[in-house]
Amino acid sequence: MHHLILACPFARQIWHEVLHWLRLPCAPPDKEISLNDWWRTARHDTPMPMRKGLASATLLVPWMIWKHRNDCVFNRGQPSTSDL
């Protein structure tokens, strides 16, 4: 789970693009042990008015990665950052 959501190069690219698109000032997950550890650090580095967006991204990005992964595994989809 850690690899799929945080450590895999595909997931890391998705995190980078989503956080950039949302203009959130926090760094994407890097060497954190868990998503919760990253979120706590990112939340601390994010201004108060932007924290709801961060919370939403923290829940939605893993879900979308998981759905995309299932499409690739079960429907023979191709990994694509632009599709995701």
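Q: What makes Asp 30 and Arg 12 a salt bridge?
A: A salt bridge here is a side-chain nitrogen of Lys or Arg within 4 Å of a carboxyl oxygen of Asp or Glu. The closest N and O atoms of Asp 30 and Arg 12 are 3.1 Å apart, so the pair meets that rule. Side chains of opposite charge can pair when their charged atoms come close. This is a predicted model, in which local features need pLDDT of at least 70 and side-chain atom pairs count only at pLDDT 80 or more, while totals for chains, interfaces and linings use all residues. Residues are numbered from 1 along each chain as its sequence is written, and side-chain values use heavy atoms, with hydrogens and water left out.

Q: How many salt bridges does this rule give?
A: The count comes to 1 salt bridge.

Q: Which parts of the chain does the Asp 30 and Arg 12 pair link?
A: Asp 30 sits in the loop between H2 and H3, and Arg 12 in helix H2, 18 residues apart. Helices are DSSP runs of H or I with at least four residues, strands are runs of E with at least two, and both are numbered from the N terminus.

Q: Why is Asp 30 called partly exposed?
A: Buried means under 20% relative accessible area, exposed means over 50%, and partly exposed lies in between (1.4 Å probe, protein chains only). Asp 30 has 39% relative accessibility, so it counts as partly exposed.

Q: What puts Thr 41 in the partly exposed class?
A: Thr 41 has a relative accessible area of 44%, so it is partly exposed. This residue is found in helix H3, residues 35-45.

Q: Why is Asp 83 called exposed?
A: Its relative accessible area is 62%, so Asp 83 is exposed. You will find Asp 83 in the segment after H4. Between the C-alpha atoms of Asp 83 and His 68 there are 8.8 Å, with the two residues 15 apart along the chain.

Q: Which residues of H2 are buried, and why are they said to be on the same side?
A: The buried ones are Ala 11, Ile 14, Trp 15 and Leu 19. They cover an arc of only 120 degrees around the axis, which puts them on the same side of H2; the arc is that of the directions from the helix axis to the C-beta atoms. On the other side of H2, Pro 9, His 20 and Trp 21 are exposed.

Q: What covers the buried residues of H2?
A: The cover includes helix H1 (2-7), H3 and helix H4 (51-74), where contact means heavy atoms within 4.5 Å.

Q: What pattern does the protein chain follow, and why is it called as compact as a globular protein of its length?
A: Read along the sequence, the pattern is α-α-α-α. The radius of gyration, 13 Å, is close to the 12 Å that the globule rule gives for 84 residues, so the chain is as compact as a globular protein of that length. The radius is taken over C-alpha atoms, and the globule rule is 2.2 Å times the number of residues to the power 0.38.
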